[in-house]
Amino acid sequence: MRRTRSKSLYSALAIVAAVELLAAIVIDRAQVGAAAETGRGTIRVVLLVAAAVQLAVVAWTIVGASRAASAAMRAVVLSAQRSLGPRVAARSNDESEIAGIAGSFSRLAGELDTALRSLAEERNRFAAVLEAMAPAVVAVDDERRITTVNRSARILLGLADGVVGRPLIEAVRVPTLHELLDRATARAPATGEFTMPGTHRQVQALATPEPNGGVVLVAEDVTEIRRLERIRSDFVANVSHELRTPIAVIRANAETLLDGVLEEPEAARPFVEALYRHADRIARLVAELLDISRMEAGRYELELETVDVHDLVEDVVAAVTEDADHKDITVDRTVPEGVWARMDAKAAEQILFNLVDNAIKYTQAGGRVHIGVNTENGARRVEVRDDGPGIDPQHVARIFERFYRVDAGRSREMGGTGLGLSIAKHLAEAMGGHIGYEARLPRGSVFWVTFASAPAPRDG
Amino acid sequence: MEHTARTYEQELAALRQSLLLMAGRVEEMIARSGRALVDRDVDLAQKTIELDRVVNRAEVEIDEMCLLILAKRQPTASDLRFVTLAMKMVTDLERIADLAVNICERAIDLSRGAPVVMHPEIPRMTEVVESMVKDAIDSFVTNSSPKAWAVIHRDDEVDEMYHRVFGDLLERMRTDPALVHQLIHAQSVAKWLERMADHSTNLAELVIFMVDGRDVRHPGKRAAG
């Protein structure tokens, strides 16, 4: 359309130029010629002709432009009619051209409005879905500026409000994440895992490149999954290790006996004793593992009754006296009679025995272990204090895990299975209580366990 | 002209990006060195030591970027402050990375012997130092001088912690001479953490200079002069 108009304009200009050139030649000739008067007449005629030609060309151009415009308008009308269907097309034939165009425009505007509204609805729906998604989503453009973030991303990556439009590196300074973007822009998705700075949150991220050079990052918190994986693999490794040691001893001793020592009863005795000791250890380990698995499955039966904490403590102290005396450790207690609590007597004894036994094991010869009780918030809290080396803070969170050992070699040497505290924790919680550890200053440990307090039994 | 201005802006943005990436790497190294020490994780310690090469390379590259901008663009006012600041920041960041490497090397040494006798305050010190570096860089990102001032004030906290740790360790050396070897290692770690805090303070001072145009280094000397 525009080309047609410019073409006619060019031809008009060309003609005007040709006529003016002709006039100039005539003027030139006239000046050279002798008859000036005749010359002037000729000039006038030529100028008139030129003016007329110019007028005609201008008129022609205008008509051409107007034709082009109406053609354009007709095209708009036609396209509007096509999109609005034949019913409107039939009516528009009766209306004047301008009115028809105006009608088409208003219909087009209406259509556009509907389309925009449905697009906005679509966009809002998409935004709501994105916002509600559990995985964190961050999109960046080709210059690594953030274009979209959802709620989970703001929480997981600690993004402040107003990060959209800012470079990602200013919001999250995690090198692994940026390496991921570099790898992803090589036209293939990339995954990686990193720890969020200043936290222990483990994050796994997937970066997918977009055709426009941007990248979409989808990230998830995998801290809990990694923790469970570690516990599971530690568990398998620990069970195998704990079983392997006594089995190796049993096999070696049995071999020695079979190789001839069996014939000399006196020499054989220590080997048989070791066999017995290690078989016993395996039996204990297996029994404890079964206990733990029953507790975890919730199939461990407890019989709750009202027990005097004083009696409980005395029973436990009686059981450890031999070991304590052997190391010259004083076990003293400040537990008055008549402190009643609800507990399964056997389970409570197992817990307390474990805590006191550990305290004696880890206290240096000549040291002191103290057992006390107090009542707070309707619970009886039994504390076992020792003045041993204490537990370094980095281990504290994990000491109640199965097989977790602060000092593996030393605790195994002392005959522990690595399950004691874990079982104690399960038992305490099954009775509705808690168990915990506190560092004792300047040195030593305090392990405590709580039981629900109970009124004195009527017949007691 | 417009084209030149845009390229210049891009160069400044790229410098900023490289600087932040290097800072992120250093922050990661501090966190990892602390974890390697506590968990006696030799593998993590070695991987962290390897990261030092990346940080060293970043230092050289950023220095080059700064020199190129200075030579080609002759920046003025805040741009000039930013470019010179970047050159100084990389030096402090690189020093912090070196100290993290020292801690990792010590973590490897300590993992060989008996369980580490560590002062309970050392993990806490690591956390504070980590947060100081993070906040110093955050104050740079957000152009916030109050945040930078907060970093400078936290340095006193670290100094106090260091003196407490030092006193305690000395006391334990006296009472338990068998542990002297290990306790000396623990003391070195505390000293390096304290130096990291000093470098973080330098970073914060540079940010204050960039934001407010005010030099807050060596306040005593300046007052005297």
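This is a predicted model: local features need pLDDT of at least 70, side-chain atom pairs count only at pLDDT 80 or more; totals for chains, interfaces and linings use all residues.
**View 1. The contact between chain A and chain B.** Chain A contributes 15 residues to the contact and chain B contributes 20 residues. The size of an interface is often given as the accessible area lost when the parts come together. Here about 1,600 Å² is buried between chain A and chain B, with 51% of that area coming from carbon and sulfur atoms. Five residue pairs are in polar contact across the interface. On the side of chain A that touches chain B, helix 6 (168-171), helix 7 (175-184) and helix 12 (393-396) each supply at least two residues. Helix 7 of chain A gives the most, with four residues. The residues on this side of chain A divide into seven charged, five polar and three nonpolar.

**View 2. A salt bridge between Glu179(A) and Arg25(B).** Over all chains, the structure holds 37 salt bridges. This pair crosses between chains, joining Glu179(A) in helix 7 of chain A to Arg25(B) in helix 1 (residues 2-39) of chain B. The closest N and O atoms of the two residues are 2.6 Å apart. Arg25(B) is buried, at 13% relative accessibility, whereas Glu179(A) is partly exposed, at 36%. Between chain A and chain B the count is four salt bridges.

**View 3. Salt bridges within helices.** In chain A, Asp357(A) and Lys361(A) form a salt bridge with an N to O distance of 3.2 Å. The two are separated by about one helical turn because they lie four residues apart in helix 11 (residues 345-362) of chain A. Asp357(A) is buried, at 13% relative accessibility, and Lys361(A) is partly exposed, at 21%. In chain B, Lys134(B) and Asp138(B) form a salt bridge, with their closest N and O atoms 2.9 Å apart. These residues are also four apart, in helix 4 (residues 121-142) of chain B, and therefore about one helical turn from each other. Asp138(B) is buried, while Lys134(B) is partly exposed, with a relative accessible area of 31%. Lys134(B) and Asp138(B) belong to a network of salt bridges with Arg173(A) and Glu27(B).

**View 4. Helix 2 of chain B and its ends.** At 1.5 Å a residue, the 32 residues of helix 2 (residues 42-73) should span 46 Å, which agrees with the 47 Å between its end C-alpha atoms. At the start of the helix, a side-chain oxygen of Asp41(B) comes within 3.3 Å of the backbone nitrogen of Asp43(B). Just after the helix, Gln74(B) has a positive phi of about 40 degrees. The buried residues of helix 2 include Leu44(B), Leu51(B), Val55(B), Glu59(B), Ile62(B) and Ile69(B).

Notes. Residues are numbered from 1 along each chain as its sequence is written. Chains are lettered from A and ligands numbered from 1 in the order in which they are written. Side-chain values use heavy atoms; hydrogens and water are left out. The expected span of a helix is 1.5 Å times one less than its number of residues. Buried means under 20% relative accessible area, exposed over 50%, partly exposed in between (1.4 Å probe, protein chains only). A polar contact is a pair of N or O atoms within 3.5 Å; within protein, one must be able to donate a hydrogen and the other to accept it, and residues adjacent in sequence count only if both atoms are side-chain atoms. Contact means heavy atoms within 4.5 Å. Buried area is the accessible area (1.4 Å probe) that two parts lose on being put together, summed over both. A salt bridge is a side-chain nitrogen of Lys or Arg within 4 Å of a carboxyl oxygen of Asp or Glu. Ala, Val, Leu, Ile, Met, Phe, Trp, Tyr, Cys and Pro count as nonpolar, Asp, Glu, Lys and Arg as charged, and the others, Gly among them, as polar.
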